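I opened this model to look up its pockets, sheets, cavities and ring pairs. My notes follow in the order I took them.

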Amino acid sequence: MSQELLTGRSAFVELQALAEQQKPLVDLFSDDPTRAEKMTVAAGSLTLDFSKQRVGAEVLKALEKLALEVDLPGRIAALFAGEKVNLSEDRAALHTALRAPSGKRPAGLEAVDEQLERMAALVEKVQSGVWRGFSGKRITDVVNLGVGGSDLGPLMVTQALREYTRPEAAHLKVHFASTIDGSQLFDLLAHLNPETTLFTISSKSFTTIDTLSNADTVRAWLGGYCPDSELLHRCHFVGVSASAEKMTAWGLPEANQLYFWDWVGGRFSLWATIGLPIALALGMPVFRELLAGAHELDEHFRSAPPLENLPMLLALLGVWNVNCLDIRAHAILPYDGRLKYFPSYLEQLEMESNGKSVTREGVPLDYATCPVLWGEIGANAQHAFYQLLHQGTQAVASDFIIAASRYESMKDSGHYESLMTQHELNIANCLAQSRVLALGNAAVDPTDNPFRHYPGNQPSSSLVVDSLNARSLGALIALYEHKVYAQASLWGINPFDQWGVELGKQVAKELLPYLNNVGARFASDDSDKSRRAALPQGLRSHNGFLYLKPG
């Protein structure tokens, strides 16, 4: 079994030895002026420069050996073939089939096309005004009720691609509400017209308490304007779930139900009907372009050798940083305001997938897995946490993401030159930050001032997108999805379950009966011995409130 663990691999032992001998980045660049050219790899619209990672030729050779020892090509083939790579839940992980052309999917997945066409028909009805609210007025606003993968992916994509909104979708305003405390929903309902608002209830299980509590609140709100519950369900709600039975039980007619499958993980689900808000907000052609871009990256992942394979390279470099250099933090730094929600999207994708401490077979690990991910738009982050990156005591690996071209559609405008100046300044900032992180004071004039000392040697990768559009964004998202899978394969873990998330939900449901509508106050105080005795283990009450029991 030890050979199945990362630490049992001969290539990993070799990597650990190489980590003890590594030169700092300033010396690596000094030794080889052509380093940047040698360490740049492209796939379609994406170009990766990993020259500022703390690797040399010997490390790269050992990383390639590790990929082959783990049989990454075989693991990739198993993923695309529909084998049961999700062992703890005994199922496949076929999110790649959602964006593949019909002829390139594993057999038996004809329902993917069927649901895509159902979604397209629903989108056309809403955008064209055929779909009407209870009073006969056309829909002007859509609110997506979802959380986690049912919220973060669609929210991120609609923000990133807003400028590509199709004319047929331009009149619709799409909003998102995810928080269980109702604060987002409260703000929205204060301004929305109940006659012209459609709500999408997005939940794989259709039991997610966050989402269903928001849906129940909305139903009560609408009921104050229209007492006909059947009419409200038909005109103002659409369900997206893997459970048709639960959608029906909630009151949704079959025509208002879109489906996906248990082999689609929540954080990999924006390619399925969970992407409905994307299509409503931007147009179905934009959604299809997103799928096409992801599929192009899928093909690259399946065919490119390890050191020319962008997802594999990112995964291997990540394992090198975490397990050989002991770097446990990873910053995502997009220098593009359109990617505002990309860091939070990746936080879920990576930490929910690879935040594991046992192997696929349930054996405890003796090494680290997923680092802590965090990030922000780069230009804003420079004025926030870059101080820690440049002069703190914490080692952090970073991904810089930037679009090479911008504002092409504005060439005929009077302020195009001004916009281009801003874009060039943005690129300069991005390049400067990665340079200083790598080289420290060697990137600027030397100084003896300790307050102006920059240690450098902080590793980073620069990911350049030719131009941010639906196709390139699809490829960018798929790149990180596949990085997660490749990294999980290297660590020997299952990236497709999330039992740590499920446990918190379970305990919350167990606590709910002990709370009244005001909050955490009991109906009776501590003098009620029978009520107190019924408290779950680990809790106590005092003066009518719940507390954790010490010790």
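**Second largest pocket.** I sorted its lining residues into 10 nonpolar, six polar and three charged. My classes: Ala, Val, Leu, Ile, Met, Phe, Trp, Tyr, Cys and Pro are nonpolar, Asp, Glu, Lys and Arg are charged, and the others, Gly among them, are polar. The model is predicted: local features need pLDDT of at least 70, side-chain atom pairs need pLDDT 80 or more, and totals for chains, interfaces and linings use all residues. Residues are numbered from 1 along each chain as its sequence is written, and side-chain values use heavy atoms, with hydrogens and water left out.

I worked on a 1 Å grid over the protein atoms alone. A pocket is an open set of points with protein on both sides within 12 Å along at least five of seven lines; a cavity is a set where a 1.4 Å probe fits but cannot get out; lining residues have an atom within 4 Å of a point. Points are joined across faces, edges and corners, and a volume is the space filled by probe spheres set on them.

The second largest pocket has a volume of about 350 Å³. Of its 19 lining residues, Thr158, Arg162, Val174, His175 and Phe176 are the closest to the centre. β4 gives the most to this lining, with four residues. Helices (H or I, at least four residues) and strands (E, at least two) are DSSP runs, numbered from the N terminus.

**The sheet with β4.** I followed β4 into its sheet. Five strands form an open sheet in the order β4-β3-β5-β6-β7, with parallel pairing. Two strands pair if DSSP finds at least two bridges between them. β4 (173-177) and β7 (257-259) are the edge strands, each pairing on one side only. Five bridges join β3 (residues 141-145) to β4. Val142 has Val174 as its bridge partner in β4.

Helix α6 lies across β5 (197-202), β6 (237-241) and β7, at about 145° to β7. Contact here means heavy atoms within 4.5 Å. Axes are lines fitted to C-alpha atoms, for helices over the stretch in contact, and angles run from 0 to 180 degrees between N-to-C directions.

**Cavities.** Where does α6 (residues 111-128) turn up again? It gives four residues, the largest share, to the lining of the largest cavity. That cavity has a volume of about 80 Å³. Its lining has nine nonpolar, two polar and no charged residues. Among them are Leu98, Gln115, Trp261 and Phe287. I found five cavities of 30 Å³ or more in the whole structure.

**Largest pocket.** I read its volume as about 780 Å³. The lining has 39 residues, and Lys204, Thr208, Gln498, Glu502 and Lys505 lie nearest the centre. α9 (209-223), α15 and α20 (499-511) each give two or more residues. α20 gives the largest share, six residues. By class I get 12 nonpolar, 17 polar and 10 charged.

**α15 and α19.** I then checked α15 (residues 342-354). This helix lies across β8, β9 and β10, at about 170° to β9. These strands belong to an open sheet of six, ordered β1-β2-β11-β10-β8-β9, with mixed pairing. Helix α19 (residues 470-491) lies across β2, β8, β10 and β11, at about 150° to β11.

**Ring pairs.** I counted 13 aromatic pairs. Rings of Phe, Tyr and Trp (its six-membered ring) pair if their centres lie within 6.5 Å; planes under 30 degrees apart are stacked, over 60 edge-to-face, the rest tilted. Phe342 and Tyr480 are edge-to-face, 5.7 Å centre to centre with 75° between the planes. Phe342 lies in α15 and Tyr480 in α19, so the pair ties together parts 138 residues apart in sequence.
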